Amino acid sequence: MWISKTIFNHFKSRLNFTPNYAPLSLLSPRRFASTIAQNPSTFNSIHDANQQVIDFPGGTVKFIPEMRFISETSPKRIPCYRVLDDDGQPLANNFVQVSEEVAVRMYSNMVTLQIMDTIFYEAQRQGRISFYATTIGEEAINIASAAALTREDVIFPQYREPGPLLWRGFTLQEIAHQCFSNKYDNGKGRQMPIHYGSNKHNYFTVASTVATQVPHAVGAAYSLKMDKKDACSITYFGDGGSSEGDFHAALNFAAVMEAPVIFLCRNNGWAISTPTSDQFRSDGVVVKGQAYGVRSIRVDGNDALAIYNAVQAAREMAISEERPVLIEALTYRVGHHSTSDDSTKYRPANEIEWWRLARDPVARFRKWIERNGWWNDMAESELRNSLRQQLLHSIQVAENIEKPPIEDIFNDVYDVPPSNLREQEQWVKDTIKKHPLDYPENISA
């Protein structure tokens with residue numbers, strides 16, 4: 001995870017983290033020098049031979065006699081940083097190299113996500129779990145970003161980021177326990193499947209409400225800063241999340257308070273059935289960062305090495321310079337939004353298939369590690385067979401474990417539960433006893 005200052009400075013000077021393409025080596029951590037207006041006695045226009053200016057909070061502003069509106073568009077779109085081309089070939093050698101051990105682990109975790117999604121999706125279709133959402137097409141964002149962080153960094157996920165949990169050691173059995181809501185689920189069965197959470201792994205519990213985790217991450221980052229921790233927070237969200245007020249409030253608060261937080265937007269083209277063209281008219285999400293004073297970059301979300309490099313650089317800047325960083329990862333949601341969705345109703349099936357085959361981030365990364373001599377067909381077969389057996393076993397174990405006791409629905413809020421909650425608890429127990437066939441056999445009243 002750690003790299004020397006010399007290597008980091010060599011690397012970061014080659015990334016473009018601002019919409020005006022200024023190299024990082026030319027960027028300074030300064031803020032606008034003046035945030036307070038001049039003394040009222042001197043708060044007047046300053047004249048010289050060619051211009052008039054006013055020292056306004058935030059810095060000097062020039063007056064002009066012409067009326068000029070800022071254009072709603074730029075003649076150039078923000079470029080997208082990548083390391084590997086579609087065939088897994090490096091475009092240059094100026095990226096931070098990863099070791100064989102880290103690269104193989106990254107690939108193994110990406111494959112784990114693929115197989116896990118396939119098996120749990122089938123389990124939901126069989127009626128064994130109530131809900132599921134996949135990460136198909138977004139495996140690189142999940143795993144490569146996690147690999148670039150440390151265990152001390154705090155994660156605020158949306159509902160498509162099980163990868164960072166896997167990277168930090170959350171087991172497949174723990175995944176299964178949560179999806180089956182049994183008594184070993186960290187959330188005591190009170191959350192929908194795929195709403196993971198783990199204090200042990202610095203991973204806040206997933207919430208279905210869109211973008212509410214974004215301001216939470218800023219608050220956590222500010223706390224880390226106040227405690228002088230060598231850590232940052234990171235929050236994940238989709239392009240649809242950038243339409244929520246929480247996103248805008250969070251960016252503004254983070255910039256003003258100089259919080260060490262990474263905003264990682266998975267711009268995957270669709271927010272359920274809403275395309276990005278119906279979400280915003282701007283050049284994606286990356287340009288919104290500059291408006292709030294947040295350093296930003298656009299990255300190829302299907303390139304694991306590009307994500308790894310960008311997140312590692314963003315983490316260094318967030319902590320050492322005490323600043324937020326916005327990363328827009330361009331990718332594509334190959335799977336349906338969830339098991340409650342049929343995406344072929346609102347987008348062409350051949351478009352989905354093209355992204356699945358031609359732009360698969362797992363296949364691209366495999367080509368790179370194979371060229372390095374770190375992977376082969378035999379290792380691939382052994383990995384996939386082993387993972388499939390582990391997952392099937394985990395599901396069999398999890399679905400046969402009893403559910404949490406009914407009392408857990410009403411615990412963990414009040415030290416002494418009020419009478420109305422006690423009444424509701426008794427009502428639920430009486431209902432289960434009266435209609436036992438309407439409830440799973442392993443639920444006890």
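**Stop 1: two crossing helices**

Select helix 2 and helix 3 (residues 139-147): their axes come within 9 Å and cross at roughly 140°. Bear in mind that this is a predicted model. The crossing of helix 2 and helix 3 is right-handed.

Now show the side chains at the contact. From helix 2, pick Met106, Asn109, Met110, Leu113 and Gln114. From helix 3, pick Glu139, Ala140, Asn142, Ile143, Ala144 and Ala147.

**Stop 2: the cores**

Which residues have the most contacts inside the largest nonpolar core? Select Met106, Met116, Phe120, Tyr196, Ile327 and Phe365. The core they belong to has 76 residues. Helix 2 (residues 100-125) gives the most to this core, with twelve residues.

Centre the view on Met116. Setting aside neighbours within four places in sequence, Met116 is in contact with Tyr132, Pro162, Leu166, Leu172, Ile175 and Leu391. Another core, of 24 residues, lies apart from the largest one. To find this other core, select Ala221, Leu224, Ala231 and Val294, which are among its residues.

**Stop 3**

Switch to a cartoon view. Find the open sheet of five strands, with parallel pairing and the order 4-5-6-10-9. Which strands stand at the edges? They are strand 4 (154-156) and strand 9 (295-300). Each has a single partner strand, so one side of each is left without a neighbour in the sheet. Look along the sheet to see the twist, which averages 20° from one strand to the next.

Next, select strand 5 (residues 233-238) and strand 6 (residues 261-267). The two run parallel and are joined by six bridges. Thr235 has Phe263 of strand 6 as its bridge partner. Phe237 has Cys265 of strand 6 as its partner.

Stay on strand 6. How many of its seven residues are buried? Seven of the seven are.

**Stop 4: a hairpin**

Move to strand 2 (residues 52-56) and strand 3 (residues 59-63). Here the pairing is antiparallel, over five bridges. Val53 stands opposite Lys62 of strand 3. Strand 2 and strand 3 form a hairpin with two residues between them. Click on Gly58 in the turn: its phi is positive, about 105°.

**Stop 5**

Most residues other than glycine have a negative phi. The next two selections go the other way.

Select Ala211, in the loop between helix 5 (172-179) and helix 6 (213-226). Ala211 is not a glycine, yet its phi is positive, about 75°. Is Ala211 buried or exposed? Ala211 is buried, with a relative accessible area of 1%.

Then select Lys228, in the loop between helix 6 and strand 5. Lys228 has a positive phi near 55°, and it is not a glycine either. Lys228 is exposed, with a relative accessible area of 74%.

**Stop 6**

Go to Gln178, in helix 5. At 3% relative accessibility, Gln178 counts as buried, because the cut-off is under 20%. What surrounds Gln178? Beyond neighbours within four places in sequence, Gln178 is in contact with Asp185, Gln191, Met192, Pro193, Ile194, His195 and Tyr196.

Finish at Tyr332, in the loop between strand 10 (325-330) and helix 10 (349-358). Tyr332 counts as buried too, at 4% relative accessibility. Tyr332 and Asn268 are 64 residues apart along the chain, but their C-alpha atoms are separated by 4.0 Å.

Now show everything that Tyr332 touches, not counting residues up to four places away in sequence. The list is Ile136, Gly137, Glu138, Asn268, Trp270, Asn302, Arg347, Glu351, Ile352 and Trp355.

Notes:
Residues are numbered from 1 along each chain as its sequence is written. This is a predicted model: local features need pLDDT of at least 70, side-chain atom pairs count only at pLDDT 80 or more; totals for chains, interfaces and linings use all residues. Side-chain values use heavy atoms; hydrogens and water are left out. Two strands pair if DSSP finds at least two bridges between them. Helices (H or I, at least four residues) and strands (E, at least two) are DSSP runs, numbered from the N terminus. Axes are lines fitted to C-alpha atoms, for helices over the stretch in contact, and angles run from 0 to 180 degrees between N-to-C directions. A nonpolar core is a set of buried Ala, Val, Leu, Ile, Met, Phe, Trp, Tyr and Cys residues joined through side-chain atoms within 4.5 Å. Buried means under 20% relative accessible area, exposed over 50%, partly exposed in between (1.4 Å probe, protein chains only). Contact means heavy atoms within 4.5 Å. A crossing is left-handed if the near helix is turned anticlockwise from the far one by less than a right angle, and right-handed if clockwise.
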